[in-house]
Amino acid sequence: MKEIESIDFEIIELLFFAYRDFTSDPDAILDRSGFGRAHHRIVHFVNREPGLTVAALLETLKITKQSLARVLKQLIDSGYITQVAGPEDRRQRRLYPTDRGRKLALELARPQSRRIAHALQNLDDNGRQAVTAFLSGMINSEPGCETKGRYEAKQEHTR
């Protein structure tokens, strides 16, 4: 019984419900185009970091090349993302959002941003920092996992 008492079911359930609602608005938008959450993640990260390499995107998303290939092909064929050979290494593929891709990324981010703003509206800067610290703490920081380091480096760069 002690093992069960150490499980924080309240936070687990809040995270489930928050994620469900956080993704519901973009899901409805994506559904109109026949896209799903995998498309959303790719459009989001390519829009946030134009010129992102396919290798870096694979590392960020923690997916296989096979998983990425189908979804990325759909986004390229539909005119949301363009792929360009790297300037030094022609085998390297860099990804850029098209105007259409940028518009989709923003359309998907706006309702999520509104949810975040609503959730943070009664918090001061310390509250926001606590939320950021909590979410950052949830990111895997095991050796070989570069996601947290990439996120932290990006945050330092934008400050």
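Trainee: Which residue in E3 is the bridge partner of Gln83?

Mentor: Leu95 is that partner. Leu95 is also the bridge partner of Leu52. This is a predicted model: local features need pLDDT of at least 70, side-chain atom pairs count only at pLDDT 80 or more, and totals for chains, interfaces and linings use all residues. Residues are numbered from 1 along each chain as its sequence is written, and side-chain values use heavy atoms, with hydrogens and water left out.

Trainee: What joins strand E2 to E3?

Mentor: Five bridges, with the strands antiparallel. Two strands pair if DSSP finds at least two bridges between them. Five bridges therefore qualify E2 (residues 81-85) and E3 as a pair.

Trainee: What makes a run of residues a helix or a strand?

Mentor: Both are DSSP runs, numbered from the N terminus: helices (H or I) need at least four residues, strands (E) at least two. The protein chain has eight helices and three strands. Their order from the N terminus is α-α-α-β-α-α-β-β-α-α-α.

Trainee: Why is Asn47 called buried?

Mentor: Buried means under 20% relative accessible area, exposed over 50%, partly exposed in between (1.4 Å probe, protein chains only). Asn47 has 18% relative accessibility, so Asn47 counts as buried. Asn47 lies in helix H3 (residues 37-48). Leaving aside residues up to four places away in sequence, Asn47 touches Pro97, Arg102 and Ala105. Contact here means heavy atoms within 4.5 Å.

Trainee: What makes a set of residues a nonpolar core?

Mentor: The members are buried Ala, Val, Leu, Ile, Met, Phe, Trp, Tyr and Cys residues, joined through side-chain atoms within 4.5 Å. The largest core has 22 residues. Ile42, Leu57, Leu75 and Ile81 have the most contacts inside this core. H4 gives the largest share, five residues. Among the contacts of Leu57, beyond residues up to four places away in sequence, are Ile42, Phe45 and Leu95.

Trainee: How do you know that Phe35 and Tyr80 are edge-to-face?

Mentor: Rings of Phe, Tyr and Trp (its six-membered ring) pair if their centres lie within 6.5 Å; planes under 30 degrees apart count as stacked, over 60 as edge-to-face and the rest as tilted. Phe35 and Tyr80 stand 5.5 Å apart, centre to centre, with 75° between the planes. The distance makes them a pair, and the angle makes that pair edge-to-face. Phe35 lies in the loop between H2 and H3 and Tyr80 in the loop between H5 and E2, so the pair ties together parts 45 residues apart in sequence. Both residues are buried.

Trainee: Why do Arg115 and Asp25 count as a salt bridge?

Mentor: A salt bridge is a side-chain nitrogen of Lys or Arg within 4 Å of a carboxyl oxygen of Asp or Glu. The closest N and O atoms of Arg115 and Asp25 are 3.2 Å apart, so the pair qualifies. Arg115 lies in helix H6 and Asp25 in helix H2, so parts 90 residues apart in sequence are tied together.

Trainee: How many salt bridges does a search of the whole structure find?

Mentor: Seven. One of them joins Arg37 and Asp27, at 2.5 Å from N to O. Arg37 lies in helix H3 and Asp27 in helix H2, so this pair ties together parts ten residues apart in sequence.
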